[in-house]
Each structure stands twice: as structure tokens, then as C-alpha cells.
Amino acid sequence: VPNLRFSRYNDLWIKTTLNTVVERITRRNTNNESNLPLTISAQYGLINQNEFFNKQIASRDLTNYILLNKGEFAYNKSYSADYPWGAVKRLDKYDKGVLSSLYICFAPKSNVDSDFLVHYFETPKWYNEISNIAGEGARNHGLLNMAVSDYFNTKHSFPSIQEQHKISQFLNLINQRIDTQSKIIEDLELFKKGIENQYFGYHKNNEYVILGDIITQVNNKNEQNKDFEVLSVSNKYGFIPQSEQFDDHEVASANKSNYKIVKQNDFAYNPARINVGSIAMLKNNQVGIVSPMYICFRTDNNRILSSYLDYFSHSNKFNNAVLKNLEGSVRLCLSFESLSKIKIHLPSLDTQYEIVKNLDLISNKISIENKILEKLKEQKKYLLSNMFI
């Protein structure tokens, strides 16, 4: 019995094989009914493969692919950190699409609530059944190795169809609230970008300088090889401990005497990133060290607020300027000399302060809304963990 249950329902959940509530789909795209190859995304479910990978991975001849209609499910046996036993998703975004025959596809029968299945397969409750038919040793080339018949004979627990409806309706409301919250954040981000474009975009007056006039390169080496915390730079997270390695694959060497020391209000630019690299300002009293490959600098406080430059460095104006100044033949990167040539709109310090204050208000609002989103996701995770067997 689940830990959380609506009061009016007290019937036992029935354990049954998957094939009693779903029917396998084997129909092929023989007549080219669809030319839309699909793939499974952890965040977006079944989506257009061409958009997801920015190119078509599927064969150009899609006639032998499985044809999936809206409302039908697919099980991707590829495993990942988020989906250790693969992922099951329903086609919701398009009327139809095609999938590789490596996917196991099925449609819900009339004795099961389709939305209930969607939520159930977001839980880990079905993992144990899969592990029984595809153990660790049976994994092959990133795919779980199992017989299709074994998959449909896995056992799962289901309540009455009425309780399924109740559970799915409740969790649908949670999803709608999460979607609304995500949209709030997306709109705020767009609003912030619009404001930044106004502040940092083209201005007719002559309030422009090159960065080289207002920044100084910092090359303070950790010559005594002190045990400072090694930091990485991420556009999304700013300065982060390298040990957390959000999206960084750098490995600090044992000898850190060549690493650069960074302090509060220092900037570091990591050129070894896709497209424009990553830049961040150290915003607390922390002292750390960064890779020797980073470009480090600080501002002339008599002419520019560090926080003003911080906002500029994450604007479209800055990103476009970086793209124009990238150097190198094999691996593109930005030198300090090229960075110094980038132009910035530089009003008075009083005006900079007002701009920073306004952008801080929006940034703080986005931060608050993101925390609400994380709480909603935590609530959903708790509910999924406790409303199913």
C-alpha cells in the first residue's frame, strides 16, 4: 500500500504483468506516414531527433522504423545517470513520429489510465522488475539487453481505474504548476535580456571605451603551492569548486604552484568552452585558485563598477563581441589582448549604479522564482515516491 493515499480509496493494489494493461506496437512506417524521427529526452520526453541533436541521426529511409501515434508509449533501453534502467515516455508533442526498432513501443489498454502510466514511469518503482531481466552483466554498448517478451511479463502494481484517475489528475495539477513556474522564470529571463540589450546595446553618444582601458590583467601565481580551493568557472553557476564539476572536465594537477590566485571582485575567463567560453566574477570574500589557462583580470574601480562589468560580460553584446575576436586554428579561444579590444558602453558611475540596482532586482526575483521551482520539483519527487507501489 502506498504511503500517501486519498481517503476514499482503500482497495488493495493488484500486481499484474505489464501486458495485461498495455498492448505492444510493432507497426512499421511502411507507407512513409511520418518523416519525423523521434528520440527520448529526459526533460522533454519524446521529441524531434533533428532538433535535439541539431542533425538527423536516424537513417534517411524511415520505412522500417516503428510508427508511433500520439498517446502511445516508447521504452528506450539506453541507460544514463538519470535513467539507470532506461526511460519510458509517451508521445504528446506530435500527432505521430517514428522510432528505431531498438525501442519497445506499446499503447495502453482501456483498463489503465494513460496519465497514470506517464507518472508511474517517472518513479523508480519499476526498476526492480527490469533489473531482474537485465542485470548489470547483461548490459551491452549502452543498451540493456532483454527479451521483449520478458519486458511485457514484468509485474507492476495498479489500483482501481477510479483511483488511477484520481492520482493522475492530482499529479497533472502539480505538473501544470511546475510548467507555469518554469514559464514565469523564462519570461523573467527574457525581460532581463531585453533590459540588458537596452543598457548595453548601441548608443549614439560617445560613452564607449575598450575593456583594455578599464581592466588590468591578474597573474598572481600560487608560487608557494598553498592549499587553496581549486575553482572552475561556469556561465550558469559562476565560480564553483572544481570538485563539484557541474559541467567541467578539468582535473587539477597535484602541483598547483602555476595556478592563478583570485580574490573578491576578480574576474576569470575560461576560454576552453563551447562558443564564447565562460566568465565570472568572484562575489564573496573567498580566495581560490584557477587553472593557468584562465584569463584573470580586475577592474579600475574609479571608472567602472565590477558588478556593472559582470552584467555586461553575460550580455548578448559581450557574447557577440567575443565571437568576433576568437583566435586560433584548431581550438578557438580568446586572448587577453583580444578581450581588451572589446567595446563597452560606459556611463557615469552614478548611472552604472542605477543600472546594477535595476538588474539586481530582476536577478533576485529570478533567483526567488527558481527556488520556488526547485521546491515544487522536490514536492513532486516526494509524491511520486510515496503515491505508488
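The second largest pocket of this predicted model draws at least two lining residues from each of α5, β14 (238-241), β17 (278-281), α6 (306-312), α7 (316-325) and α9, where helices (H or I, at least four residues) and strands (E, at least two) are DSSP runs numbered from the N terminus. A pocket here is an open set of points on a 1 Å grid over the protein atoms alone, where a 1.4 Å probe fits and protein lies on both sides within 12 Å along at least five of seven lines, and lining residues have an atom within 4 Å of a point. Residues are numbered from 1 along each chain as its sequence is written, and totals for linings use all residues, whereas local features need pLDDT of at least 70.

The volume of the second largest pocket is about 1200 Å³, counted as the space filled by probe spheres set on the points, which are joined across faces, edges and corners. Its lining holds 35 residues, of which K192, N235, K236, Y237 and G238 are the closest to the centre, and α9 contributes the most to this lining, with six residues.

Key
Predicted model: local features only at pLDDT ≥ 70, side-chain atom pairs only at ≥ 80, totals over all residues. Heavy atoms only, no water.
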